Structures are given as structure tokens and as C-alpha cells.
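Let's walk through this model together, starting with a pair of charged side chains and moving on to helices and surface. Keep the structure open beside the text as you read.

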Amino acid sequence: LLGYTREELLQLTWADVTHPDDRGLNQEQFNRVIRGEIDGYAIEKHYVRKDGRIVVVDLSARGVRRPDGTIDYFVAMLHDITERAAAEEALRASEAKARSILNASTAAVALFDLDARVLDCNGVFAENFHRTRPEVLGKSVWEFSSEEARPRREAAFRQVVSSGEPLHAIDEREGIWNDFTLFPVKDE
């Protein structure tokens with residue numbers, strides 16, 4: 001996992017192979033075990049391999065005590081989660097990019113589930129309904145649509161859901177003309 005031989009590892013401490021950013025948390029938990037506050041701990045931790053690459057692990061460590069209560073030794077189990085951590089980071093970056101694109105638009109943009117609940121939207125969409133983004137998230141768009149426009153928009157929404165094809169429409173609401181496209185987002 002760390003790229004060292006057994007003999008090399010026996011000459012090193014855990015701090016020698018721990019990423020500097022993680023030493024404080026690891027030391028804090030280690031000290032709590034030594035003081036008898038806890039028997040063990042589990043943390044996500046970064047190690048530095050012999051070749052300099054970073055390895056991310058789920059670490060579970062437990063102190064084994066002598067009859068007098070002092071620590072005899074620690075048992076540690078490490079599970080390599082480097083790939084999972086990289087995938088999670090890539091997902092966070094992708095979500096941040098999508099959020100930036102969504103918020104950069106001067107047009108109202110929203111993502112709905114099949115029941116027309118708002119999964120995500122930009123501020124322009126919420127402002128069109130005289131609401132804030134948190135006020136519309138998770139709610140059915142029909143809760144704040146005008147009674148006048150609702151039947152036409154519900155019919156358009158149902159058509160897109162049933163056909164799986166985009167729909168462009170223009171309608172008027174409260175004296176304002178709206179040009180909108182409903183576009184289905186499909187999985188595999």
C-alpha cells in the first residue's frame with residue numbers, strides 16, 4: 001500500500017508516512033486513546049507513499065492495553081479508498097462546474113423530477129416566481145405557477161415526460177410573454 005518494504009516500515013513512525021495535513025487529527029485521536037478517553041477511532045486519512053504519491057485510506061485503529069491499563073500496542077486496519085476519494089472529488093468538481101454554468105445563465109433554468117418538483121434551479125428561475133432559490137427547491141412548480149398558465153404548462157410538461165422529446169412553447173402569464181423549452185434529461 002505504501003511502497004515500503006517491511007524492514008523500511010519498521011524504521012518509520014506513523015507520522016513519517018502520514019500526509020502533513022492529517023497529522024494533527026491523527027495525533028489528537030491517538031492521544032485520546034492513550035489517555036483512555038476512547039478505545040479506538042476511525043478516520044479518513046492520507047498517507048504519502050515512498051514514491052511520493054498520496055494514498056487515501058479508511059483507518060481504524062484500536063489500542064491494546066496491558067492489565068495495568070497502559071497501552072501495549074495499537075492495531076490498525078487500513079482500507080485503500082484512493083479511487084473512491086478521487087471519484088468523489090471529481091463529482092464535487094463536476095457539480096461545482098454545473099452550478100457555475102447554471103448560475104451564469106441570464107435565462108431562467110430549472111431541473112425538475114417527473115412530478116415537477118424543482119430539483120435545482122438558478123436564481124433567475126426563482127426570481128421569476130418572486131421567490132428565493134431555497135423557497136422553490138423541492139417544491140412542485142405548480143405550487144407557485146399562476147392559475148392562468150398552469151393548465152397549458154402542465155400539459156406541456158406531461159407531453160415531454162410521456163414522449164421523451166423536447167418541447168418549445170411560448171405563452172403569456174400576467175401580461176408577460178414567456179418563451180421556454182422543456183428538455184428531458186435521460187439516463188442510460
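Is Arg 133 buried, partly exposed or exposed? At 26% relative accessibility, Arg 133 counts as partly exposed; here buried means under 20% relative accessible area, exposed over 50%, and partly exposed in between, with a 1.4 Å probe and protein chains only. Before going further, please note that this is a predicted model, in which local features need pLDDT of at least 70 and side-chain atom pairs count only at pLDDT 80 or more, while totals for chains, interfaces and linings use all residues. Residues are numbered from 1 along each chain as its sequence is written, and side-chain values use heavy atoms, with hydrogens and water left out.

Now look at the partner of Arg 133. Its side chain meets that of Asp 120 in a salt bridge, 2.7 Å from N to O; the term stands for a side-chain nitrogen of Lys or Arg within 4 Å of a carboxyl oxygen of Asp or Glu. Asp 120 belongs to strand S5 and Arg 133 to helix H6, so the pair ties together parts that are 13 residues apart in sequence. (Helices, H or I with at least four residues, and strands, E with at least two, are DSSP runs numbered from the N terminus.) Asp 120 counts as buried, at 18% relative accessibility.

Another salt bridge joins Arg 117 to Asp 113, with the closest N and O atoms 2.8 Å apart. Arg 117 is partly exposed, at a relative accessible area of 36%, whereas Asp 113, at 15%, counts as buried. In total the structure holds 16 salt bridges.

Strand S5, residues 118-121, also holds Leu 119. Together with Leu 111, Phe 183 and Val 185, Leu 119 makes a nonpolar surface patch of about 450 Å². Patches are made of residues with over 30% relative accessible area and no salt bridge, like charges being joined within 9 Å and nonpolar side chains (Val, Leu, Ile, Met, Phe, Trp, Tyr) within 5 Å. Accessible areas come from the Shrake-Rupley method with a 1.4 Å probe, and for residues only the protein chains shown count as cover.

Let's turn to helix H3, residues 23-34. Asn 26, Gln 29 and Val 33 are the buried residues of H3. They cover an arc of only 70° around the axis, which puts them on the same side of H3; the arc is that of the directions from the helix axis to the C-beta atoms. These buried residues pack against helix H2 (14-17) and strands S1 (40-48), S2 (54-65) and S3 (71-80), contact meaning heavy atoms within 4.5 Å. Just after H3, Gly 36 takes a positive phi of about 85°.
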